[in-house]
Amino acid sequence: MNGNQPGQSYCIIGAGAAGLAVAKSFKAAGLPFEVLESASGIGGIWDASRDDSPVGRNTHVIASKTVQAYPDFPMPASYPDYPNHALVLDYLRSYAEHAGILPHMRFNTTVKRVEPSGKGWRVSIEGEPDREYAGVVLASGHDRTPRVPSFPGAPTLQVLHSNRYKNPAQVMNKRVLVVGAGQSAADILCESAMNATKTFHSTRRGFFCMPKYLMGRPTDTMLQAKAPSFLRRLSYYLFFRFLWRRSRGLGMPVPVMKDDLVIPVLGDQLHHHYTHGDIVHKGHVVRMEGDRVYFDDGTDEQIDVVFLATGFLPSYPFIDRKHLNWAEGDNRPTLYLHIFPPETDNLFVVGMVRPVGSHWDVYEYQGRLIAAYLQAREKTPAKAQGLDRLKRGPQPDFRAGIRFYNSAEYPLVVEKQEYTNHVKAHIRKLS
């Protein structure tokens, strides 16, 4: 509790990386707020003790520490370039302590319902009276509901989503199939290749890998230079073409690269295991019968366990989708800047965006924009009204003219610098 009167403060739902970034921004802006978190502590998915955490024993950050860190709060120099989940959780705790936001946290507090109430919002909490807030920020994360495809047939083998993979014991001495072409698939494949009897990899498309290091430096530190959009666009195409040729030269099943860019997975271990025959590539799964899986290349294999590394679906079950401008059938809400529902006041979303690169600095800029908007409503209403008009208009292009693969299915993907440039421009307009 922070001592503010009900209805005067703002509610931030979630104490993961996104919620902490918003809380820090609100604290810096002098806005009254409290954070509601269903777990017993901060960290969100990085708290491996949580039942809903997809973190496994060997999970590390994808971005290197200098790129992954929040603005103005670097990770400790003693950390390795790619820290594991335990170090990441320690860092998030240090960030919260440094920002002075821990007194504003309410843990073991499960939100059941969020509804409009007058000019503000009513939040129903499990086992407690309802609370009134001036506004609500949804920062609970959207990687909570697994995307689980269905396949014809009656399988007797074990089928698990990748979020249930925790350690190599689950694949030890088994015949394993991993479905998917993203980072989770790559991580499970590498551990399976070293521990399973046989490892198979099913994808709809080809893929390629980005090495963690180039010329002795973490690769992503060389890709963060600020530059005009046309230069960034050219750099993307040249660098991704280099990665594509590199993977193809190693005999990997690479995608067809024409106009659309496929975002690579990180790490060369996948290259190693493919080239050593530890992983066998398969096409798309067409059906599962008993303990056999059938593929669209006409082959079939006896399998003990399948891991579906097929991603997640955005989900905010405690609020009516209409408040988020979320039409039935759409795979995500349509929000201005991926933050503002066009027709709903005092409701904001942070973290529902997938920048190509690291995420946490993006979350903090989103939090700063919301804080600047709320301050402007009190001090310079005309500026806030300007954003109100914009959020009902067309969405800017956040991809710097780059065409990413299957963008209709993955509309949250943005080119990071282009997106943050738009967010920072709005913050300046509100200042």
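This is a predicted model: local features need pLDDT of at least 70, side-chain atom pairs count only at pLDDT 80 or more; totals for chains, interfaces and linings use all residues.
Reader: Is Leu234 buried, partly exposed or exposed?

Author: Leu234 is found in helix 5, which covers residues 229–249. Its relative accessibility is 47%. Buried means under 20% and exposed means over 50%, so Leu234, at 47%, counts as partly exposed.

Reader: How are helix 1 and helix 3 oriented to each other, roughly parallel or roughly antiparallel?

Author: Let's begin with how such a pair is described. Two packed helices are described by the angle between their axes and the distance between the axes. Here the axes of helix 1 (residues 17–29) and helix 3 (residues 85–99) come within 10 Å and cross at roughly 15 degrees. Angles under 35 degrees count as roughly parallel, so helix 1 and helix 3 are roughly parallel.

Reader: And what is the handedness of the crossing of helix 7 and helix 9?

Author: Helix 7 spans residues 360–379 and helix 9 spans residues 416–430; their axes are 9 Å apart, at an angle of about 20 degrees. That angle makes helix 7 roughly parallel to helix 9. The crossing of helix 1 and helix 3 is left-handed. For helix 7 and helix 9, the crossing is likewise left-handed.

Reader: How many salt bridges are there?

Author: To count one, a side-chain nitrogen of Lys or Arg has to be within 4 Å of a carboxyl oxygen of Asp or Glu. By this rule, the count comes to 20 salt bridges.

Reader: How many residues apart in sequence are the parts tied together by Asp72 and Arg368?

Author: The side chains of Asp72 and Arg368 meet in a salt bridge, with N to O at 3.6 Å. Asp72 lies in the loop between helix 2 (65–68) and helix 3, and Arg368 lies in helix 7, so the pair ties together parts of the chain whose separation in sequence is 296 residues.

Reader: Which residues are linked with Asp72 and Arg368 in a network of salt bridges?

Author: Asp72 and Arg368 form a salt bridge with each other. The network of salt bridges that holds this pair also includes Lys24 and Glu364.

Reader: Is Arg106 buried or exposed?

Author: Arg106 forms a salt bridge with Glu128, and their closest N and O atoms are 2.5 Å apart. Arg106 lies in strand 3 (residues 105–106) and Glu128 in the loop between strand 5 (120–125) and strand 6 (131–133), so the pair ties together parts 22 residues apart in sequence. Glu128 is partly exposed, with a relative accessible area of 31%. Arg106 has a relative accessible area of 13%, and under 20% means buried, so Arg106 is buried.

Reader: Where does Glu415, the salt-bridge partner of Arg232, lie?

Author: The closest N and O atoms of Arg232 and Glu415 are 3.0 Å apart. This pair links distant parts of the chain, 183 residues apart, with Arg232 in helix 5. Both Arg232 and Glu415 are buried. Glu415 lies in the loop between strand 24 (413–414) and helix 9.

Reader: What separates the C-alpha atoms of Gly43 and Leu89?

Author: Gly43 lies in the loop between strand 2 (33–36) and helix 2. Gly43 is buried, with a relative accessible area of 0%. Along the chain, Gly43 and Leu89 are 46 residues apart, while their C-alpha atoms are separated by 5.9 Å.

Reader: What phi does Leu337 have?

Author: Most residues other than glycine have a negative phi. Met215, in the loop between strand 13 (213–214) and strand 14 (217–218), has a positive phi of about 50 degrees. Leu337 lies in the loop between strand 21 (312–313) and strand 22 (347–349), and counts as buried at 0% relative accessibility. Leu337 is not a glycine either, and its phi is positive, about 60 degrees.

Conventions: Residues are numbered from 1 along each chain as its sequence is written. Side-chain values use heavy atoms; hydrogens and water are left out. Helices (H or I, at least four residues) and strands (E, at least two) are DSSP runs, numbered from the N terminus. Buried means under 20% relative accessible area, exposed over 50%, partly exposed in between (1.4 Å probe, protein chains only). Axes are lines fitted to C-alpha atoms, for helices over the stretch in contact, and angles run from 0 to 180 degrees between N-to-C directions. Angles under 35 degrees count as roughly parallel, over 145 as roughly antiparallel, 65 to 115 as roughly perpendicular and the rest as oblique. A crossing is left-handed if the near helix is turned anticlockwise from the far one by less than a right angle, and right-handed if clockwise.
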